[in-house]
Amino acid sequence: MVVLTLAGTLNDRGTQDPGSVRARATADTHRDGRGAGKGKRRAAAADPASTSTTTSAAGVPTAATAPTPPPVVMPAALRPSTPAEDKLEAVLGKWLHVAGPSTGALVFDLSDATELYGAHPGYGRPPASVEKLWTTAAVLSRLGPDARLDTTVLGTGHLSRGVWHGNLYLHGGGDPTFGDSGFNQVWNQGYGPTPNQLNAQLRRLGIRRVTGRVFGDESLFDHRRGGLITDYKADNDDLGGQLSALTYDHGTVMPHYNPATFAAHEFVLTMRAMGVQAVADRHDGTAPQDAQLLATVASPPMSVMLRLMNVPSDDLFAELFAKQLGLRYGHGGTITSGAHVIAQTIASNYGLRPTIFDGSGLGRQDRSSPEQIVQLLTELWHTRLGDQLAATLPTAGVNGTVQSIGFKTAAAGHCIAKTGSLDNVSNLAGYCSARGDQQLAFAFFIDGPENSTGFWLESKMLAAIARY
């Protein structure tokens, strides 16, 4: 049995309008996609394709797969197979044959350190949202599970008899959970700081009126609103909002507003409701260096936010975390800089070199192989960071993007996994507790069939490994 400590059940949701939140009992779906290559069961060794060299977003040469495969006690091809392995091979081979030639898979027995099944596991393919496993591992490694992101109010001027003579700046720290309490209750399971908390602090300082303007300050990150799939232009369909260092209600905007000015507008509305007179400027602004810190609120801990990202597969969260990594450890708050930090972290910590261009996996240029993903899961198994990563994943047949995968099969409640999909790309990777008490790591990459067919096939395969 896979046991995760979750604070409530996170439901999948639509992304057209943050104000219209609906449960989707399906895997996350994005646009784009095709790949190639499938082979027979084999020892855990890289495919010839895996040795080709590509270039990462930062211009760093990267291989299409890991430099070393998952460790094995004895290669599968060199040892006698058991009846259970033969049965598993037959079942997985059957479903992969149905999926077509453009597939890759690897199943690894963590308990016995043995490969159980492989089909072109070293071939790099678009990982789609399985990319978030790289992002999660890098965020946990660099920032840690207890890290929080601050949203602050800064002021230029002075306070006299309840009047703030000067301007205020609502400064964003890249927190994707900042917003209205009612919205957060539905979208973020009640997590996330609110403007009311900031305004309560301003009132305690004695501020009742602001003579200047209230500006939204999104200067921490770049101003690109979308990801690679739209050439960084606004992408509400996939992201469910617009990217900014200062987002409100998951990057919601209105006509004539950007995320930062919309956040300032909503902040001022709550100020007025709480008895503080103020006016929001229609333009964003950057707080001067000598601005005073007047109020601050913190995000939930990163362990919670990563769960809010992975269970429903939230792309806006992923790209904001990539920008956060780029800001702190790279060359600025951009997706490209963050992708470079993620790639560096994965290469340094695990010797793996997938091609990483973003944090979400929406980029069609991203490349990972089942072998790389299983290697990561193997390296993390029963480590502190690995336990933290596992706690962010949804449970098959129970919640999130895998709620309908493995439903009413042996996999339900016994496997945790990250989905990934673009048009005609259906990927699934994670851990399973099999019936024989074996702990398994797996990755299935299916290119070609429609997503509904791809995830139906992976549901069959997940049930098969859970019965092993």
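Student: Where is the place of Tyr232 in the chain?
Tutor: Let's start by locating the neighbours in this predicted model. Strand β8 covers 214–217 and helix α5 covers 236–239. Tyr232 has its place in the loop between β8 and α5.

Student: Is Tyr232 buried or exposed?
Tutor: A residue is called buried when its relative accessible area is under 20%. Tyr232 has a phi near 70 degrees, a positive value in a residue other than glycine. Its relative accessibility is 16%, so Tyr232 counts as buried.

Student: In which loop is His120 found, and what is its relative accessible area?
Tutor: His120 also has a positive phi, near 45 degrees, and is a residue other than glycine. His120 is found in the loop between β4 and α2 (132–142). Buried would need a value under 20%, and exposed one over 50%. His120 is partly exposed, with a relative accessible area of 22%.

Student: How many helices and strands does the protein chain have?
Tutor: Happy to step back for a moment. Of the 468 residues in the protein chain, 61% are buried. Among contacts with a separation of 6 or more, 72% come from residues 24 or more positions apart. As for elements, the protein chain has 12 helices and 12 strands.

Student: In what order do the 5 strands of the open sheet lie?
Tutor: Begin at the edges, where each strand pairs on one side only: these are β4 (114–119) and β10 (415–422). The pairing in the sheet is antiparallel, and the twist averages 5 degrees from one strand to the next. Reading across, the order is β4-β3-β12-β11-β10.

Student: Which residue in β12 is the bridge partner of Val107?
Tutor: Strand β3 (residues 103–109) and strand β12 (residues 439–447) run antiparallel and are joined by 7 bridges. One of the pairings puts Asp109 with Leu440 of β12. For Val107, the partner in β12 is Phe442.

Student: Which residue stands opposite Phe442 on the β11 side?
Tutor: β12 pairs with β11 too, in the antiparallel sense and over 9 bridges. These two strands make a hairpin with 5 residues between them, where Asp437 takes a positive phi near 65 degrees. The residue opposite Phe442 is Gly430.

Student: How many residues of β12 are buried?
Tutor: Look at the helices that lie across this strand. Helix α1 (residues 83–99) lies across β3, β4 and β12, at about 25 degrees to β4. Helix α10 (residues 370–380) lies across β3, β11 (425–433) and β12, at about 160 degrees to β12. β12 is mostly covered, and its buried residues number 8 of 9.

Student: How far apart in space are Leu462 and Cys432, C-alpha to C-alpha?
Tutor: Leu462 has its place in helix α12 (residues 451–466) and counts as buried at 1% relative accessibility. Leu462 touches both Cys415 and Cys432, and its other contacts include Leu428, Phe442 and Phe444. Leu462 and Cys432 are 30 residues apart in sequence, while their C-alpha distance is 8.3 Å.

Student: Is the crossing of α4 and α6 left-handed or right-handed?
Tutor: Helix α4 (residues 195–204) and helix α6 (residues 259–273) pack with their axes 9 Å apart, at an angle of about 55 degrees. That angle makes α4 oblique to α6. Residues that meet here include Leu198 and Leu202 in α4, and Phe267 and Met271 in α6. The crossing of α4 and α6 is right-handed.

How values were computed. Residues are numbered from 1 along each chain as its sequence is written. This is a predicted model: local features need pLDDT of at least 70, side-chain atom pairs count only at pLDDT 80 or more; totals for chains, interfaces and linings use all residues. Side-chain values use heavy atoms; hydrogens and water are left out. Two strands pair if DSSP finds at least two bridges between them. Helices (H or I, at least four residues) and strands (E, at least two) are DSSP runs, numbered from the N terminus. Axes are lines fitted to C-alpha atoms, for helices over the stretch in contact, and angles run from 0 to 180 degrees between N-to-C directions. Contact means heavy atoms within 4.5 Å. Angles under 35 degrees count as roughly parallel, over 145 as roughly antiparallel, 65 to 115 as roughly perpendicular and the rest as oblique. A crossing is left-handed if the near helix is turned anticlockwise from the far one by less than a right angle, and right-handed if clockwise. Buried means under 20% relative accessible area, exposed over 50%, partly exposed in between (1.4 Å probe, protein chains only). Lists of a residue's contacts leave out its neighbours within four places in sequence.
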